Each structure stands twice: as structure tokens, then as C-alpha cells.
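Please look over the sequence and the model shown below before reading on. The report that follows moves from single places in the chain to the whole.

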Amino acid sequence: MKQNKSILLIPVALVAITSCTQKAPESKPNVIIIYSDDVGYGDLSCYGATQISTPNIDKLAGLGLRFTNAHSTSATSTPSRYGLLTGEYPWRKEGTGIAAGDAAMIIKPEQYTVADMMKEAGYTTAAIGKWHLGLGAERGRQDWNGEVSPALNDIGFDYSYILAATGDRVPCVYFENGRVVNLAPNDPIEVNYTTPFKGEPTGKNNPELLRVMYDHGHDQAIVNGIPRIGYMKGGKSALWVDEEIADNITAQAIKFITENKSKPFFLYFGTNDIHVPRVPHPRFVGKSGMGPRGDAILSLDWTVGRIVNVLDSLGITDNTLIIFSSDNGPVVNDGYVDQSVELLGSHQPWGIWRGGKYSAFEAGTRVPMIARYGKHLKAGVSGALFSHIDIFASLANMLNVPLTAGLAPDSKNALPALLGKDKKGREYVVEQNLNGTLSIYDGAWKYISPSDGPAMIRETNTELGNSPLPQLYKLANDTGECNDLFNKELQKSQELQQKLESEKAKAKATK
């Protein structure tokens with residue numbers, strides 16, 4: 001049977017007309033996660049702070065979506081970062097507590113990370129800044145003078161320029177792709193977390209050498225006149241200068257962005273502010289009126305401004321998803337005499353919430369979070385319940401990367417909430433404090449499981465939220481978590497308790 005050519009031409013013509021009117025597909029969005037350190041819900045002016053101004057972060061919020069109900073997985077650094085990068089609740093895995101400076105790599109090479117997923121989607125990936133998830137195969141046996149392995153290139157990052165742990169822990173050097181930067185071969189590094197090196201001064205024994213005095217827990221190796229946790233000797237040419245950390249890691253982030261401006265990139269950028277020791281650059285010193293902690297907030301704001309300005313100058317801001325948040329809530333005195341308490345004034349780093357870093361109370365994990373993504377995200381404020389654990393699956397969904405069973409096991413697609421289209425968000429979030437005490441919050445009610453942990457950390461004046469009895473609070477009208485309703489609202493108590501037990505049962509099933 002012969003075909004009628006005139007009939008065949010009609011759909012072809014329609015297809016041609018349609019293709020001419022279609023918009024060219026946009027390139028894959030760049031993704032930048034700015035993960036700040038110890039920044040509280042009330043530390044930024046866009047979240048109501050009046051004693052300090054953060055204009056660059058405020059501008060990011062004004063052009064993006066500011067979340068009022070976003071949560072880190074944990075009230076401390078290491079587990080929060082583990083959860084974000086793996087999509088697995090850190091309390092499911094042993095060894096995810098606060099990592100020592102000589103900790104082994106907590107994320108194993110065989111684990112699938114958000115960086116692996118982004119590479120699979122065709123992205124160039126980088127981690128810059130604070131790491132605090134360990135390096136090497138075995139604690140205390142890293143070859144600091146060679147290539148430390150495994151390192152970040154084994155878990156999906158094409159490039160890395162990091163602080164191995166935190167600013168208050170040795171080794172106080174930068175690592176670029178697994179090797180110490182600027183290390184002189186004739187001055188090798190030695191690190192020990194149990195035994196001091198003979199002849200090396202310490203904060204405890206040599207206070208006359210200190211320019212920043214320790215208050216508690218930071219009386220060991222002295223680097224740049226600042227006492228640290230752990231002992232270290234050697235590597236003089238490689239030591240960081242504390243005042244220059246923010247400038248240095250920001251410069252590295254800008255270099256990565258600039259070099260990869262023409263192709264999709266993923267940048268995990270861990271800022272060092274506002275973690276102790278707080279030694280901001282001289283251009284910020286004294287500018288906040290709240291001492292080094294306040295000055296460090298100004299430094300953080302400067303960093304965010306520099307990143308956004310570079311995106312603007314390259315013309316790629318609108319095609320870049322920026323997520324700004326904090327790894328946990330705030331702490332004021334965290335081990336150094338820096339007048340952080342005395343100069344706090346009326347500033348409330350925790351905002352309207354109770355507790356802070358380390359705590360099961362709300363200020364431990366309710367953190368500032370801002371998302372900006374050009375025309376794809378309408379500016380405003382979102383009360384959607386959001387957990388950092390869901391960033392992994394949300395990015396995977398955005399990029400159409402399927403997550404098969406076992407990958408990012410606790411991460412759920414929350415892309416509609418991230419982009420402001422879902423006003424409700426998660427059914428509930430699960431949170432963890434310093435002692436591993438778990439709590440569950442459904443957007444109105446919060447249940448804290450019983451614990452035999454201490455009630456407070458006296459040195460930091462932090463209420464940990466631990467109690468031998470279960471607790472229930474209605475945060476909708478009790479932001480201070482003062483009125484325990486566990487015995488008065490037994491049905492709600494049992495409902496949340498059962499949901500938390502169900503989550504814990506999943507952990508047992510995966511072992």
C-alpha cells in the first residue's frame with residue numbers, strides 16, 4: 001500500500017514548527033553548599049539580630065528563600081557533616097561523634113556520597129574549608145608528610161583544600177588533595193593526641209607564650225600563640241595563620257568557581273567561622289562591638305558576599321543553586337578567654353529557642369538556612385520543616401539521578417520545599433545531641449527520649465536536654481521548651497515515641 005506523501009509531511013512540519021518555538025534547555029545548575037560553623041538561629045540580622053549586621057547574608061536571603069524551620073541532623077559538627085554528605089543519620093553508624101584531629105576517615109571509600117552522585121551527574125566536585133570527618137585508614141597512623149589515604153578524592157571529590165579537623169585541633173595545616181600544603185621536607189610534622197613532645201611548649205605549662213588564653217580544654221600544643229587540642233611539632237612552613245584562614249579558603253573557593261565557570265560544578269564549602277579559636281582578620285577586629293565572636297560573624301558575612309559577587313561577575317549566579325546553613329547551633333564560651341560572654345550584650349545567638357550547640361533542646365539543631373536559585377526559586381520566607389539529611393536526595397531528584405536501595409538511606413526528596421513550592425515540608429525530623437540522645441519533632445510537638453547523660457556542660461553553660469524521663473514540648477506555643485507535657489498528652493507522646501522507635505528499628509535492620 002502506497003503512502004500519501006502529503007499526509008506524511010503534515011506531522012513533520014508540525015514538529016519543525018514546535019522545535020523552533022521551544023526554549024533551548026538550560027545547562028545544569030551549579031550547586032554551592034556554604035556550611036558555616038556554630039552559627040546560631042539568632043546570629044544573623046535577617047533572622048532578627050539587632051546588635052550585629054550581616055548585609056551580604058541578608059541580601060542572599062532577600063533574593064532567595066529564608067527557612068525558619070530548618071534543622072541539622074545533630075547538635076555537633078562531625079555527625080551533621082556526615083549526615084549531609086552521606087544521606088544517612090549519623091547515629092546509625094558508630095564513630096560519628098566529634099572527631100579528633102587524627103581521626104581516620106569516617107566516610108569510607110565504598111560509601112556513596114553526595115559528591116559521588118554529583119560526579120555521576122556530570123559535575124566537577126570540590127570540598128574546601130573545614131572538613132572534620134577524618135583522614136587516612138587508621139587513627140593516629142596517618143603519613144602527614146606524604147599523601148594521606150584514603151582522602152576526599154576517594155569519596156567523590158575531584159579537588160579538596162581543607163582543614164583536617166577544626167581550628168582548635170592539630171594538625172594546624174592545610175591539605176590539598178591529601179597532601180600538606182607548603183610542607184618543607186626537612187621539617188616533618190608529628191602529631192600525637194596522648195603524649196606531648198619533649199621540649200615542645202604547651203598552653204598549660206607555658207602560658208607566657210600565649211596571645212589567646214585558654215579557658216578550658218585547650219591547653220596543649222601552641223600554634224601561632226594559640227593553645228590547641230592535641231600535640232604537634234614540626235611543619236613550621238606549613239602552619240596556617242589563623243587571621244588568614246577565612247581569606248585563604250575563600251580564595252581557594254573563588255579559584256575553583258572561576259576555573260569551572262563554563263561547566264557544571266559542585267562546591268561543598270565549610271567555613272571556619274564562628275568556631276573557636278576566634279581570631280578574625282584585622283579588618284574585622286573591633287568592628288562588631290561584641291569581641292572576636294561578633295567580629296567572626298562579620299568575617300563570615302564577608303565570605304558569603306565574596307562568593308556571590310564572583311558568581312555575579314562571571315554571570316552564573318542565576319544558574320547556581322546556593323544553599324547556606326550551619327552545622328549546628330551556637331556556643332558562646334567554647335574554650336578560650338575571648339570575652340564572648342562579657343561582650344554579648346543583648347544579642348541572643350540562639351534566638352527564641354532554648355539550648356545551643358551540643359543540646360537536645362531546639363537551639364542545638366534549628367539553624368539558619370537560605371536557598372537561592374535565580375528565577376527557579378521565588379524569594380520569600382518558608383516555614384516548611386526541612387532537614388539537612390534531605391539535601392542529598394533533593395539534589396539527586398533535581399538532576400534526575402536515581403538513588404537505588406541503600407544509597408542515602410535516610411534522605412528524602414524535599415526539592416519542592418527547597419524551592420519554596422511545598423509549604424509544609426517533612427512529616428518530622430530526627431535530631432541528635434552530643435550524648436547521642438535522640439529527639440523527634442513534627443513541626444508542632446517535640447519528643448526527647450530519656451537519657452542518662454549530664455544535664456549541662458558547665459564550662460560552656462549549655463543545657464544538654466538530657467533527662468532520665470522522656471519529655472514532650474509543644475513548640476508551637478512554647479519556644480523555650482519550659483512546659484513538659486509528656487504525662488498530660490500521652491497520646492501525642494506515644495505517637496512520636498513510636499515514630500522514633502520505628503526509625504531506630506530501621507537502623508538495626510541495616511546492620
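Helices, runs of at least four residues, and strands, runs of at least two, are assigned by DSSP and numbered from the N terminus. With that numbering, threonine 303 is placed in helix H6, which covers residues 291-314. The model is a predicted one, and every value in this report was computed from it.

**The protein as a whole**

The protein contains 9 helices and 22 strands. Its C-alpha atoms fill a box of roughly 100 × 65 × 45 Å, taken along the principal axes. When contacts between residues at least 6 apart in sequence are considered, 73% of them join residues at least 24 apart. As for charge, the mean position of the 51 positive charges and that of the 55 negative charges are 7 Å apart.

Is threonine 303 buried or exposed? Threonine 303 has a relative accessible area of 2%, and it is therefore buried, since buried means under 20%. Once residues up to four places away in sequence are set aside, threonine 303 touches Ala246, Thr250, Phe269 and Thr271.

The largest nonpolar core has 124 residues, and those with the most contacts inside it are Met117, Trp131, Leu135, Phe157, Phe266, Tyr268 and Leu395. Helix H6 provides the largest share of this core, 9 residues. Apart from this core lies another one of 14 residues, among them Ile389, Tyr428, Tyr447 and Leu500.

Methionine 117, when residues up to four places away in sequence are not counted, touches Tyr112, Phe392, Leu395, Ala396, Leu399 and Val401. Helix H7 spans residues 391-398 and is mostly covered, with 7 of its 8 residues buried; those buried are Ile391, Phe392, Ala393, Ser394, Leu395, Ala396 and Met398. After H7 comes asparagine 400, whose phi is positive, near 60°.

**Loops on the inside and on the outside**

Isoleucine 389 sits in the loop between E16 and H7. Leaving aside neighbours within four places in sequence, isoleucine 389 is in contact with Thr73, Gly83, Gly87, Glu88, Tyr89, Asp410, Ser411 and Arg426. Its C-alpha atom is 9.8 Å from that of asparagine 413, a residue 24 places away in sequence.

Leucine 385 belongs to the loop between strand E15 (380-382) and strand E16 (386-387). With neighbours within four places in sequence left aside, its contacts include Asn69, His71, Arg426, Tyr428 and Tyr441. By contrast, the C-alpha atoms of leucine 385 and proline 292, 93 residues apart along the chain, are separated by 33 Å.

Glycine 199 lies in the loop between strand E8 (190-192) and strand E9 (222-223). From the C-alpha atom of glycine 199 to that of isoleucine 33, which is 166 residues away in sequence, the distance is 42 Å.

| Residue | Relative accessible area | Class |
|---|---|---|
| Leucine 385 | 3% | buried |
| Isoleucine 389 | 0% | buried |
| Glutamate 481 | 0% | buried |
| Glycine 199 | 74% | exposed |
| Asparagine 461 | 60% | exposed |

**Backbone details**

One joins serine 149 and proline 150, with omega about 0°, and proline 150 is in the loop between strand E4 (124-130) and strand E5 (159-163). A cis peptide bond also joins valine 170 and proline 171, again with omega about 0°, and proline 171 is in the loop between E5 and strand E6 (174-176).

Terms used: Residues are numbered from 1 along each chain as its sequence is written. This is a predicted model: local features need pLDDT of at least 70, side-chain atom pairs count only at pLDDT 80 or more; totals for chains, interfaces and linings use all residues. Side-chain values use heavy atoms; hydrogens and water are left out. Contact means heavy atoms within 4.5 Å. Lys and Arg count as positive and Asp and Glu as negative; His and the chain ends are not counted. The place of a charge is taken as NZ of Lys, CZ of Arg, CG of Asp or CD of Glu. Buried means under 20% relative accessible area, exposed over 50%, partly exposed in between (1.4 Å probe, protein chains only). A nonpolar core is a set of buried Ala, Val, Leu, Ile, Met, Phe, Trp, Tyr and Cys residues joined through side-chain atoms within 4.5 Å.
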